[in-house]
Amino acid sequence: MTMKLLVPIPNAIRVLPVCWCLLAGAQEEGSADVFLESYSDAFQETFFQALREKGIENYDRAEALLLECKQLDPLAPVLDHELAKVLIRQEQYPAAEQYALTAVRAEPAEYWYLHTLMEALGPQYKQPAELRDFLPMDMPEFRINLARWYLEQQDGEQVLEQLRGLEDTDEVLALRQQARQLEPESPSVPEGAPSVADSERETPAADSATDPPAEVGSVTHFMKQLEALLVSESWGEAEELGSEAIETYPLQPFFYFAKGRGLLGLGRPAEAVSVLESGEEFLLESGELARRIYTALADAHTALGNMEKAGEYRAKSKNGSQ
């Protein structure tokens, strides 16, 4: 029996447990998954098979299966998104751009749709501004997503440009802070002062190979201390110093991870979950820190006996996705 099709909801996976296991290994970004519980069996089977084919790099077959899914639900943006990713793998960038653009226009606040669009535009040397007539360039959520993309590219200037004029929410402030950290300080050199080249000639080679010590109380100083405490499994000290770091720099997700990991080591998993979830909210991109936070959350939920949540975070930790 075919059930009534519901609108796909990216960013929230509520599939049956067996389906979840299949999807977790096939998807590159957890935030691009779909709500499939009320889809027809034919749709689910075809969609999951497409993901499996994509996972083994059988892109032609994946494309054909996704097009079959579009016949069942032509308006589902996640299908356009997946088609764009498959076409990018085949270096068919103009076609991928069209599918990705359709997905972004359908759900402009969905980050991974924009991420895929930018992957299609890059090899064509195109910028979002060239698609201004088709993109919600004045929409705050969309501009924040663009800022996140540019942060991944280490382009602090573009991050600040996209955030210009936006309300100072926690996310916007965190993005601005990280963008400014990408800008190297370049103090002006007074007239008559030694040039950089002169300074380098006067400095012993051994000194130039040594990083300057981090300033006490700086983000870097806290990070180095906390990392050392975690390596030595000094859980109590990690929890205490993590609290101090969070109070000083409340937008740094690593400090929440360090405190949460300390709490977990002290046998306080419920408190660890609360702290780690706060850190998760400040994650701006996938990567190693995201993976560590998700792994710690999986361990904490396991300790609490919440195996469903533990499995969910364990799957997310496989690729550090948000």
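Modeller: What follows looks at the charged pairs one after another, and then at a neighbouring threonine.

This is a predicted model, in which local features need pLDDT of at least 70 and side-chain atom pairs count only at pLDDT 80 or more, while totals for chains, interfaces and linings use all residues. Residues are numbered from 1 along each chain as its sequence is written, and side-chain values use heavy atoms, with hydrogens and water left out.

A salt bridge here is a side-chain nitrogen of Lys or Arg within 4 Å of a carboxyl oxygen of Asp or Glu, and by this rule the count comes to twelve. One of them joins glutamate 82 to lysine 85, with the closest N and O atoms 3.4 Å apart. The two residues lie about one helical turn from each other, because they are three residues apart in helix α4 (residues 77-89); helices (H or I, at least four residues) and strands (E, at least two) are DSSP runs, numbered from the N terminus. Both glutamate 82 and lysine 85 are buried, a word that means under 20% relative accessible area, with exposed meaning over 50% and partly exposed in between (1.4 Å probe, protein chains only). The pair also belongs to a network of salt bridges that links Lys54, Glu82 and Lys85.

Threonine 116 counts as buried because its relative accessibility is 1%.

Another salt bridge brings together the side chains of aspartate 299 and arginine 314, at 3.1 Å from N to O. This pair links distant parts of the chain, since aspartate 299 is in helix α16 (residues 288-304) and arginine 314 is in helix α17 (residues 307-317), 15 residues apart. Aspartate 299 is partly exposed, with a relative accessible area of 27%, and arginine 314 is partly exposed as well, at 34%.

Within helix α17, glutamate 312 and lysine 309 are three residues apart and therefore separated by about one helical turn, and they form a salt bridge whose closest N and O atoms are 4.0 Å apart.
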